[in-house]
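Open the model in your viewer and keep the selection tool at hand. Each stop below says what to select and what is there.

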Protein chains: 2
Amino acid sequence: MAVGELVLPEFETIDGVRIGTASAGIKKPGRKDLVIFELAEGSSVAGVFTLNAFCAAPVQVSREHLQKSAPRFFLINTGNANAGTGVSGLENARQSCQAVADLAGVTASAVLPFSTGVIGEPLPMDRLLSALPAALEALSEKGWADAAAGIMTTDTKPKGATASCMINGQPVKISGIAKGAGMIRPNMATMLGFVATDAAIAQPLLKQLLSEAADASFNRITIDGDTSTNDCCMLVATGRSAEINAADHQAVEAFRTCLKQVMTQLAHTIVRDGEGATKFVTVKVEQAGCREEALEAAFTVAHSPLVKTALYASDANWGRILAAVGRAPGLENLDVSGVTVYLGDVLLVEKGGRAASYTEAAGSAVMKQAEITFRILLGRGEISETVWTCDFSHDYVTINADYRT
Amino acid sequence: MAVGELVLPEFETIDGVRIGTASAGIKKPGRKDLVIFELAEGSSVAGVFTLNAFCAAPVQVSREHLQKSAPRFFLINTGNANAGTGVSGLENARQSCQAVADLAGVTASAVLPFSTGVIGEPLPMDRLLSALPAALEALSEKGWADAAAGIMTTDTKPKGATASCMINGQPVKISGIAKGAGMIRPNMATMLGFVATDAAIAQPLLKQLLSEAADASFNRITIDGDTSTNDCCMLVATGRSAEINAADHQAVEAFRTCLKQVMTQLAHTIVRDGEGATKFVTVKVEQAGCREEALEAAFTVAHSPLVKTALYASDANWGRILAAVGRAPGLENLDVSGVTVYLGDVLLVEKGGRAASYTEAAGSAVMKQAEITFRILLGRGEISETVWTCDFSHDYVTINADYRT
């Protein structure tokens with residue numbers, strides 16, 4: 001059960017990007033679990049990858065290939081993360097790139113592999129390889145919605161976002177898909193995100209724009225605080241529409257805004273479809289002394305199992321919010337009497353204690369909503385940061401206790 | 001349902017300590033929820049307190065009184081934490097000390113207050129004050145077991161430990177009680193722990209011994225990563241038995257060992273009775289480069305909701321253990337190929353991937369046990385650290401979603 005309406009948009013097609021989806025039967029027979037992106041020659045590609053030291057084999061190979069060649073294909077499978085698989089995992093990732101390369105007539109390093117699913121199982125290579133021709137056969141500019149479904153794991157809904165803007169008199173389109181519902185505390189990227197534009201953007205600027213947008217979107221969400229071994233987000237610019245030069249500040253700004261919009265929407269869909277989620281929660285820390293302490297305070301609240309179970313119960317247990325703020329790292333010498341907390345529009349805490357005007361009825365009314373905002377004012381400065389999270393329900397436990405069975 | 005047999009020991013009585021328990025009806029009518037410790041004149045007392053910035057009113061008052069006078073009474077209530085209660089919370093804590101002082105003929109600063117329970121509700125002073133005479137009336141050297149029950153909140157079992165040793169030819173006894181089942185990630189102390197000995201130990205040495213023992217016991221456990229606002233652990237030395245001087249290294253060492261045994265046992269009972277716990281888990285990180293990285297790795301594994309739900313499901317999902325180690329802060333440049341993991345005696349991970357000898361049957365056999373040890377060898381040095389935790393079950397969610405209702 002996702003929070004809110006998660007309906008795929010009518011994707012803008014991106015001239016220069018074709019996508020094919022097929023069934024390889026990697027974890028379960030029958031479902032579409034293999035996706036290939038074909039990128040037109042001349043496309044620029046940027047990527048951000050997990051900072052987890054145990055990064056998966058495909059993450060290592062994608063990083064390596066991205067340095068060597070201009071990517072022409074993304075090969076994505078769900079059902080198996082090819083993580084914690086050692087040397088044979090690396091060989092399997094390389095071999096699957098080689099197989100796509102052979103079929104498509106490119107070099108192996110022009111293929112970037114991505115995997116998501118169970119950690120520690122060997123990738124079933126026979127099944128994966130035998131589905132490649134069907135995926136290539138299916139390549140189409142209209143493949144976005146099928147691909148959004150094809151990369152799902154414990155996601156209950158496919159996730160996509162699309163937008164367009166005018167740059168220097170030319171329409172520029174951006175479309176993207178993402179997946180992820182658990183092991184979500186992205187660090188430089190989310191589980192898997194693939195975003196493409198028809199703008200022409202050289203790699204250094206593209207990389208910078210992607211990093212900024214990932215930092216404002218995927219790096220601001222958490223479901224369970226567990227950073228994945230397979231996090232990746234890729235941004236492709238096919239160059240079929242307007243050219244965006246670093247020196248053209250207006251064009252860069254227009255594109256940046258549009259990209260952040262798409263990526264923030266994707267990040268929000270991940271939280272809305274968080275494992276077992278019944279609430280979509282915005283945690284905004286204001287009046288912080290610096291960016292780091294604002295984020296530490298926001299993430300400590302967003303990760304607290306006690307705050308998350310209270311959210312699940314629609315219980316305005318503000319003591320748990322204060323307790324989480326009080327233990328946040330980096331908040332040295334916090335003057336608790338300067339802390340104010342709002343629950344939606346309701347003043348919950350003032351001077352470090354329950355607000356005189358607060359009533360349980362007012363708090364409960366907000367907590368019963370599916371979308372809730374906490375505003376935590378630290379009284380230490382001018383900096384604000386926002387993160388998004390969900391609650392912690394019985395279904396989270398059920399989903400993760402049953403995951404491998 | 002606690003993990004293992006949690007039976008109170010036959011407490012050694014501590015000459016110079018009397019304890020009385022009474023019913024104040026603070027949260028629910030009828031249950032014994034008020035405990036008073038009376039300490040003989042001349043006792044030394046040391047305390048360690050929560051590092052949560054939002055520390056509760058009684059923590060602030062106890063710290064203050066401890067600096068002013070030699071404590072003669074501890075006043076403990078359950079059902080209400082008197083935390084996040086601002087100025088009136090401080091007034092209530094002081095007023096309850098004054099009331100005990102008036103009844104017992106001591107100064108108010110000789111009374112230390114402790115509270116545990118719901119955060120943010122005003123302490124019901126009328127009910128608390130009217131139960132004081134009954135608690136004082138009940139003072140007895142044999143009051144330990146009643147007190148262990150009297151300080152419980154969501155604990156399902158009362159918690160105590162007791163031991164004795166010979167020091168310079170004299171028997172020295174140590175007894176202690178503790179409470180806590182949720183909001184457990186002690187930082188300098190646990191929820192509430194009260195330990196007393198009949199040895200004679202001056203305050204500076206007593207403080208040092210308490211800090212060391214708390215660091216090796218309460219500061220090594222976590223249930224949900226949420227540091228409480230009310231953590232306190234007190235150690236009393238009544239001076240009725242052997243004198244222990246800092247210069248007498250043999251005596252200090254004998255006492256230190258005995259104290260650590262009592263406090264580690266108390267800490268373990270808290271984990272065994274963790275909210276919803278079905279497993280008692282020892283996470284031992286070995287071959288770390290320093291103490292900090294060993295602890296960061298151990299606590300990151302112990303806090304991971306994905307590891308904890310896998311434990312609940314008895315699923316040897318070692319990928320989640322590796323993913324947690326890989327995201328632990330402070331493990332810069334971890335060479336994952338040097339990481340080895342044992343599940344009980346079963347080699348699970350070698351060279352950063354699944355061990356060749358590993359079978360799911362062997363892993364499952366260990367995971368089905370109620371007491372499980374993870375050994376994580378980092379291959380970076382010689383340092384080992386151990387933390388203790390429990391799993392994350394449906395009942396954790398149920399208990400914390402219903403807590404205030």
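The tour goes from the contact between the chains to a helix, then to rings and charges.

This is a predicted model, in which local features need pLDDT of at least 70 and side-chain atom pairs count only at pLDDT 80 or more, while totals for chains, interfaces and linings use all residues. Residues are numbered from 1 along each chain as its sequence is written, chains are lettered from A and ligands numbered from 1 in the order in which they are written, and side-chain values use heavy atoms, with hydrogens and water left out.

**Stop 1: the two chains**

Colour chain A and chain B separately. In contact (heavy atoms within 4.5 Å) are 50 residues of chain A and 50 residues of chain B. Between them the chains bury about 4,200 Å², with 60% of it on carbon and sulfur atoms. Buried area here is the accessible area (1.4 Å probe) that two parts lose on being put together, summed over both.

**Stop 2: helix 11 of chain A**

Select residues 360-367 of chain A, which form helix 11. Helices (H or I, at least four residues) and strands (E, at least two) are DSSP runs, numbered from the N terminus. Which residues of this helix are buried? They are Gly363(A), Val366(A) and Met367(A). These residues lie on the same side of helix 11 because they cover an arc of only 100° around the axis, taken from the directions from the helix axis to the C-beta atoms. Buried means under 20% relative accessible area, exposed over 50%, and partly exposed in between (1.4 Å probe, protein chains only). Among the elements that cover these residues are helix 9 (305-312) and strand 16 (371-377) of chain A.

**Stop 3: a ring pair in chain B**

Select Phe74(B) and Phe194(B), an aromatic pair that is tilted, at 5.7 Å centre to centre and 40° between the planes. Rings of Phe, Tyr and Trp (its six-membered ring) pair if their centres lie within 6.5 Å; planes under 30 degrees apart count as stacked, over 60 as edge-to-face and the rest as tilted. Phe74(B) is in strand 4 and Phe194(B) in strand 8, 120 residues apart. Phe74(B) is buried, at 1% relative accessible area.

**Stop 4: a salt bridge in chain B**

Select Glu293(B) and Arg380(B), whose side chains meet in a salt bridge at 2.9 Å, N to O. The rule asks for a side-chain nitrogen of Lys or Arg within 4 Å of a carboxyl oxygen of Asp or Glu. Glu293(B) lies in helix 8 and Arg380(B) in the loop between strand 16 and strand 17, so the pair ties together parts 87 residues apart in sequence. Glu293(B) is buried at 7% relative accessibility, whereas Arg380(B) is partly exposed at 29%.
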